[in-house]
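Welcome! Please take a moment to look over the sequence and the 3D view, then read on for a short tour.

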Amino acid sequence: MAHFAKVNNGIVEQVIVAEPEFFDTFVDSSPGQWIQTSYNTRGGVHYNPETGEPSADQSKALRKNYAGIGYSYDAQRDAFMPPKPYASWVLNEQTCLWDAPVAMPNDGGNYAWNESTQAWDAVPDEQP
């Protein structure tokens, strides 16, 4: 089975699972188009669904990211992109994901982006 996103005016409105042949006879009179997306593609990399590791065959990577409702589709890049999380974040052209202007600390802690200070705030671990 494959995944397809219904894109209208560049915005994903629906994602379904169907065989590609389904669209040979499917009649959809609503505006937009159906575009195939890959459930196992993130940041332009296809991941093995069984191991979670990058696939040996990267030809399976499709349209940079798996489409989600509210994502945008850019035909020039042939890519699905998530909504921009913060005004200060910039699009990574290679992954079609949004990057913070400051890298998140890589010390194993939990962090949340603070748009007003343009910094990562430590988030306390939850207690049981």
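Which residues does isoleucine 35 touch, not counting residues up to four places away in sequence? Isoleucine 35 touches His3, Phe4, Ala5, Val7, Arg63, Tyr73 and Phe80, where contact means heavy atoms within 4.5 Å. This is a predicted model, in which local features need pLDDT of at least 70 and side-chain atom pairs count only at pLDDT 80 or more, while totals for chains, interfaces and linings use all residues. Residues are numbered from 1 along each chain as its sequence is written, and side-chain values use heavy atoms, with hydrogens and water left out.

**Overall build**
- The protein has one helix and eleven strands; these are DSSP runs numbered from the N terminus, with helices being H or I of at least four residues and strands E of at least two.
- Along the sequence, the order is β-β-α-β-β-β-β-β-β-β-β-β.
- The C-alpha atoms fill a box of roughly 55 × 35 × 35 Å, taken along the principal axes.

**Inside the protein**
- Buried residues make up 27% of the 128 residues; buried means under 20% relative accessible area, exposed over 50%, and partly exposed in between, using a 1.4 Å probe and protein chains only.
- The largest nonpolar core has seven residues: Ala5, Val7, Val12, Ile35, Ala67, Tyr73 and Phe80.
- A second, separate core of five residues includes Ala2, Ile16, Ala18 and Trp34.
- A nonpolar core here is a set of buried Ala, Val, Leu, Ile, Met, Phe, Trp, Tyr and Cys residues joined through side-chain atoms within 4.5 Å.
- In soluble globular proteins, nonpolar side chains tend to be buried together.

- Asparagine 8 lies in strand β1, which covers residues 2-8.
- Asparagine 8 counts as buried because its relative accessibility is 17%.
- Leaving aside neighbours within four places in sequence, asparagine 8 is in contact with Glu13, Pro31 and Gly32.

**Two loop residues with positive phi**
- Cysteine 96 sits in the loop between β8 (90-92) and β9 (97-99), and its phi is near 60°, a positive value in a residue other than glycine.
- With a relative accessible area of 1%, cysteine 96 is buried.
- Glutamine 118 belongs to the loop between β10 (111-114) and β11 (119-122), and has a positive phi of about 55° although it is not a glycine.
- Glutamine 118 counts as partly exposed, so its label follows from its 32% relative accessibility.
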